[in-house]
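Try each task before you read its solution.

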Amino acid sequence: MQPRSQEMHQTVIRLLEKRGVPVEEIARIVMFLQQDYIPALTLEACLESVHAVLCKREVQNALLTGIQLDMLAEEGRLIAPLQELIASDESLYGIDEVLSLAIVNLYGSIGFTNYGYVDKLKHGILAWLNDKRNGVHTFLDDLVGAIAAAASSRLAHRARQAEEEKEPCGKHTTGA
Ligand code: MG
């Protein structure tokens, strides 16, 4: 039986923390990505957006799957040659990125742009996750980047929506 959504939300938050990623750190990446575009953006708003993303079932499933594979690779318990591919973060493996695309897609195409940008910059906790001395995070680095990208896209969509409501596109004079 599927666990309830709220239980799953708590489970993934605990799992992220256990793997060295407090949710606040993901919110900081969102803040970094969006602060130049959304005036008066707060860390609280970023955190709220991250939680909204973490409430989605497909995000929870992707996190459970990816984190479990990282953990098993860290313990050396995967079958060959998967063990070596994941433990060494082999760049041609690619399934870590594929799994993350399910998250990036959630809020439309802005997500793709944000995800590419996040992946390149390795801001904040992503730098820690990419340091191999800190353990196997082959899946988690992409998943965290994807969650930050999705939470950013969600904020950007909402900001635009608020703008449009202030000035609906139908509101113009006909000159007649
Ligand atoms: Mg990776």
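**Exercise 1. The enclosed space**

Which helices each supply at least two residues of the lining of the largest cavity?

*Solution.* Begin with the ground rules. This is a predicted model, in which local features need pLDDT of at least 70 and side-chain atom pairs count only at pLDDT 80 or more, while totals for chains, interfaces and linings use all residues. Residues are numbered from 1 along each chain as its sequence is written, and side-chain values use heavy atoms, with hydrogens and water left out.

Step 1: On a 1 Å grid over the protein atoms alone, a cavity is a set of points where a 1.4 Å probe fits but cannot get out, and its lining residues have an atom within 4 Å of a point; a pocket, needed later, is an open set with protein on both sides within 12 Å along at least five of seven lines. Grid points are joined across faces, edges and corners, and a volume is the space filled by probe spheres set on the points.

Step 2: count. There is one cavity of 30 Å³ or more, and the largest cavity has a volume of about 60 Å³.

Step 3: list the lining. Tyr 115, Val 118, Asp 119, Lys 122, Leu 126, Asn 130, Asp 141, Asp 142 and Gly 145 surround the largest cavity.

Step 4: assign the helices, which are DSSP runs of H or I with at least four residues, numbered from the N terminus (strands are E runs of at least two). The answer is α7, α8 (125–130) and α9.

Step 5: sort by class, with Ala, Val, Leu, Ile, Met, Phe, Trp, Tyr, Cys and Pro as nonpolar, Asp, Glu, Lys and Arg as charged, and the others, Gly among them, as polar. The lining of the largest cavity then has three nonpolar, two polar and four charged residues.

**Exercise 2. The metal site**

Find which residues coordinate the magnesium ion, and at what distances.

*Solution.* Step 1: collect the donors, which are N, O and S atoms within 2.8 Å of the metal (3.2 Å for Na, K and Ca); water is not among the atoms, so sites may look incomplete. The search returns Asp 96 (OD), Thr 138 (O), Asp 141 (OD) and Asp 142 (OD), at 2.1 to 2.7 Å.

Step 1: write the spacing along the chain, D-x41-T-x2-D-D. Distant parts of the chain are linked here, with Asp 96 in helix α6 (residues 95–104) and Asp 142 in helix α9, 46 residues apart.

Step 2: check accessibility, where buried means under 20% relative accessible area, exposed over 50% and partly exposed in between (1.4 Å probe, protein chains only). Asp 96 is buried at 3%, and Asp 142 is buried at 3%.

**Exercise 3. The open space**

Find which element gives the largest share of the lining of the largest pocket.

*Solution.* Step 1: note the volume of the largest pocket, about 250 Å³.

Step 1: read the lining, which includes Phe 32, Gln 35, Asp 36, Ile 110, Tyr 117 and Ala 156. Two or more lining residues come from each of α2 (23–34) and α7 (110–121).

Step 2: pick the main contributor. It is α7, with four residues. By class, the lining of the largest pocket has seven nonpolar, four polar and one charged residues.

**Exercise 4. Charged pairs**

How many salt bridges does the structure hold?

*Solution.* Step 1: apply the cut-off, a side-chain nitrogen of Lys or Arg within 4 Å of a carboxyl oxygen of Asp or Glu. The total is eight.

Step 1: look at one within a helix. Glu 163 pairs with Lys 166, their closest N and O atoms being 3.1 Å apart. The two are three residues apart in helix α9 (residues 140–166), so about one helical turn separates them. Glu 163 is partly exposed at 48%, whereas Lys 166 is exposed at 61%.

Step 2: take another. Arg 77 and Glu 75 have their closest N and O atoms 2.7 Å apart; Arg 77 is exposed at 59%.

**Exercise 5. Cysteines**

*Solution.* Step 1: a disulfide needs two cysteine sulfur atoms within 2.5 Å.

Step 1: compare. The structure holds zero disulfides.
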